[in-house]
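Subject: Structure handover

Hello,

Here is the structure I promised to pass on. Please open it first, then read my notes below with it on screen.

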Amino acid sequence: MSKKEQFNDGEIEDLFSKVEIPLEKDKNHIWSEKFESLVKDDVALSSKKTSFFRLYWHYGVAASFAILLASTLYFYFQNTVSQEAMLVQTLQDSEQDLLADQTIIESLFVEDNEFDEWFEEKYVLSSVN
Amino acid sequence: MTAKDFKMIYDTHFDDLRRYLIFRSGDQDLSVDIAQNVFMKVWTKKIEIASGNIKSLLFKMGTDEFISHIRKKKVEKEYIESVKLRLIREPDNNDDLLEKKVLFQKALNQLPEKQKTALLMNKMQGLTYKEIAEVLNLSQKAIEKRIGLALKALKQNLNQR
């Protein structure tokens, strides 16, 4: 075999896959020596920060619900009171309107000579009521 | 980045980065120190790695640290020619293959430092020409040329024997 045939491209590629650089220290050993405590400390610190945030988060949600509930009740009662007041006013108005209408109609049937007498009677009645 | 993500990156890339730094520096302890510094930076600065290529980013950081170390210590000459590579021993090796492995190992170690670095980054670490160019701050064309020359020199070294 000639020397030039010793190594072809395929063999060179294959040998490359077998190249090794020996490592003295094991990476797991380095991890436990240098990084494990660092990462744990950082994670512990960030979890404390997270719980602090969560505390506020819960308070925030509770406060929002309380505000929502309080404003709903406040507006509900305000509406009820004003509606009741409006209803009473409406009833009173309609009663007075009815009485007025009745008086007007009655007055149509009163004779001219009897009108003064009828008016005085009505006036006294309305004053008494 | 969560601790779990960091551990996964460490498990996947720490040894690769160390190997790369060993064939750059030839120094086991220095490669461990630099690789540790790189991973320390990744963790403490919470470098975002999801968007880019983590391997080339780590190699770039490692290269920068290594160059900065050389500049500080002025020990570049000491490192050159000190890299020792070896081939994996397999139980079924026949004499012919074993001889080829020894020849290959010698031929590889004879390559100029820069050519060997680019070649091993490509063949051993699986980095693309583009990634090597980014890591070494060179153009892709320069890397292609460097690897081409390295392969040519390697074949010459092998077949001259």
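Met124(B) sits in the loop between α6 and α7 of chain B. Helices (H or I, at least four residues) and strands (E, at least two) are DSSP runs, numbered from the N terminus. This is a predicted model, in which local features need pLDDT of at least 70, side-chain atom pairs count only at pLDDT 80 or more, and totals for chains, interfaces and linings use all residues. Residues are numbered from 1 along each chain as its sequence is written, while chains are lettered from A and ligands numbered from 1 in the order in which they are written.

Met124(B) is 104 residues from Tyr20(B) in sequence. In space, their C-alpha atoms are 9.0 Å apart. Leaving aside neighbours within four places in sequence, Met124(B) is in contact with Phe16(A) and Val19(A). Contact has a cut-off too: the C-beta atoms of the two residues, placed from the backbone, lie within 7 Å.

**The two chains**

Chain A has 3 helices and 1 strand. From the N terminus on, its elements run α-β-α-α. Of its 129 residues, 4% are buried.

Chain B has 8 helices and 1 strand. Its order from the N terminus on is α-α-α-α-β-α-α-α-α. Of its 161 residues, 35% are buried. Now take the contacts in chain B between residues at least 6 apart in sequence: 68% of them join residues at least 24 apart.

**Where the chains meet**

How many residues of chain A are in contact with chain B? There are 23, and they contact 27 residues of chain B. On the chain A side, the elements that give two or more residues are α1 (9-17), β1 (19-20) and α2 (27-108). The largest share of that side comes from α2(A), with 8 residues. By class, the chain A side has 14 nonpolar, 1 polar and 8 charged residues. Here Ala, Val, Leu, Ile, Met, Phe, Trp, Tyr, Cys and Pro count as nonpolar, Asp, Glu, Lys and Arg as charged, and the others, Gly among them, as polar.

Tyr10(B) also touches chain A. Tyr10(B) lies in helix α1 of chain B. It is buried, because 21 other C-beta atoms lie within 10 Å. Not counting residues up to four places away in sequence, Tyr10(B) touches Trp31(A), Phe35(A) and Phe39(B). Tyr10(B) and Ala35(B) are 25 residues apart in sequence, and their C-alpha atoms are 10.0 Å apart in space.

**The nonpolar core**

A nonpolar core is a set of buried Ala, Val, Leu, Ile, Met, Phe, Trp, Tyr and Cys residues joined through C-beta atoms within 7 Å. The largest one has 42 residues. Which residues have the most contacts inside it? They are Leu17(B), Leu21(B), Ala35(B), Val38(B), Phe39(B) and Ile132(B). Elements giving two or more residues are α2 of chain A together with α1 (3-25), α2, α3 (54-73), α5 (95-109), α6, α7 and α8 of chain B. The largest share, 8 residues, comes from α1(B).

Helix α2(B) covers residues 28-44. Its buried residues include Leu30(B), Ile34(B), Val38(B) and Val42(B). Just after α2(B), Lys46(B) takes a positive phi of about 50°.

**A helix crossing and a loop**

Look at α6 (residues 113-123) and α8 (residues 140-159) of chain B. Their axes come within 8 Å and cross at roughly 100°. The two helices are therefore roughly perpendicular to each other, a label for angles of 65 to 115 degrees. Axes are lines fitted to C-alpha atoms, for helices over the stretch in contact, and angles run from 0 to 180 degrees between N-to-C directions. By class, this contact has 8 nonpolar, 2 polar and 3 charged residues.

Finish at Asn137(B), in the loop between α7 (129-136) and α8 of chain B. Its phi is near 55°, a positive value in a residue other than glycine. Asn137(B) counts as exposed, because it has 11 C-beta neighbours inside 10 Å.

Best wishes

Terms used
Parallel < 35°, antiparallel > 145°, perpendicular 65-115°, else oblique. Buried ≥ 20, exposed ≤ 12 C-beta atoms within 10 Å, placed from the backbone. Expected span 1.5 Å × (residues − 1).
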